[in-house]
Amino acid sequence: MHNSPFTVTTLGTGAALPARGRYPTAQLVNVHDTFYLIDCGEGTQERLRVAGVNFQRIGHIFISHLHGDHYLGLMGLISSMHLMGRRTELHVHGPPELKEIIDLQLRASGTWLRYPMHVHATAPENGREIMSDPHVTVSLLALKHRVPCTGFLFREARGPRRLRVERLGDVPQFKRAAVKAGEDLVFPDGKRIPNTELTLDPVPARSYAYCSDTAYEPSLVAFLKGVDLLYHEATFTTAMADKAKETLHSTAAQAARIAAEAGVGRLLLGHFSSRYKSADVLLSEAVQIFPNCILSYEGGVFPIESRP
Ligand SMILES: [Zn+2]
């Protein structure tokens, strides 16, 4: 049982052009009430307001690639954070050109940010860890797209061992932290109780992977093994497979194949082409290959649950 939250809110699920009711890509990840933003399409700050999120609490922003539908909202968000008096530092992770793009816009508008901002360059490289804090570690996934593009893998930090309720009385208060850290309980007279008699394994750490935008890329499977929730782009139906190939996007069936091969817990589809008024047609193709599959939608909140 997990007591602390680990959720993803899909703020925008559209591809390229906004369709009625769909917004360009952005996701808010909440790990233990610490907020991270993935991609920042146009209008993301409004979508955050609609979702009731205080965006000053976002400490890290991860940009997958420099197609406009994934980052044109970034400058607006950075500016609003400034205008609203932010003082805490902000980290932005993205392709190398991103720093130049941000700096030019700040310079041209004569803006000196009130808060420290650090821009970190990414490159499509599987497994490279780019951020780690007490809640989560984030590493890169090498996606296959028309411009350099990275996915992001969020792994929850492993919690402490859990004291067995029936043995609580045996562990003095001042020894509890050490026992939860895995130490045996040793008394002054030398008597020893092994840790395994006193504790249970930690709650399994949960994981979330974000893969957008990308062509069907089987080399990802090794890095997605056992992920609890996989978000994978599903821009087209199988009837449009040629178009998917040409634009380096995926069909819903290809997303499902990746999920099945990686043995993920659940698949969340998104980045729907504006030609589909309803994404149900994409879902029905995907579930034939990978049944535990759901559609993202604007403002949808999806908990990341570890499997039994
Ligand atoms: Zn793209």
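Trainee: Is D39 buried or exposed?
Mentor: Buried, with a relative accessible area of 0%. Buried means under 20%, exposed over 50% and partly exposed in between (1.4 Å probe, protein chains only). This is a predicted model, where local features need pLDDT of at least 70 and side-chain atom pairs pLDDT 80 or more, while totals for chains, interfaces and linings use all residues. Numbering runs from 1 along each chain as its sequence is written, and side-chain values use heavy atoms, leaving out hydrogens and water.

Trainee: Where does D39 sit, then?
Mentor: In strand β3; strands (E, at least two residues) and helices (H or I, at least four) are DSSP runs, numbered from the N terminus. D39 isn't a glycine, yet its phi is positive, near 60°.

Trainee: What about phi of H32?
Mentor: Positive too, about 55°, and H32 is not a glycine either. H32 lies in the loop between β2 (26-31) and β3 (34-40).

Trainee: Switching topic: which residues coordinate the zinc ion?
Mentor: H65 through NE2, H67 through ND1, H145 through NE2 and D213 through OD, at 2.2 to 2.4 Å. Donors are N, O and S atoms within 2.8 Å of the metal (3.2 Å for Na, K and Ca), and sites may look incomplete because water is not among the atoms.

Trainee: And which parts does the pair H67 and D213 tie together?
Mentor: H67 is in the loop between β4 (58-62) and α2 (68-71), D213 in the one between β14 (207-211) and α7 (221-224), so the pair links parts 146 residues apart in sequence. Both H67 and D213 are buried.

Trainee: What kind of peptide bond joins S212 and D213?
Mentor: A cis one, with omega about 0°. Most peptide bonds are trans.
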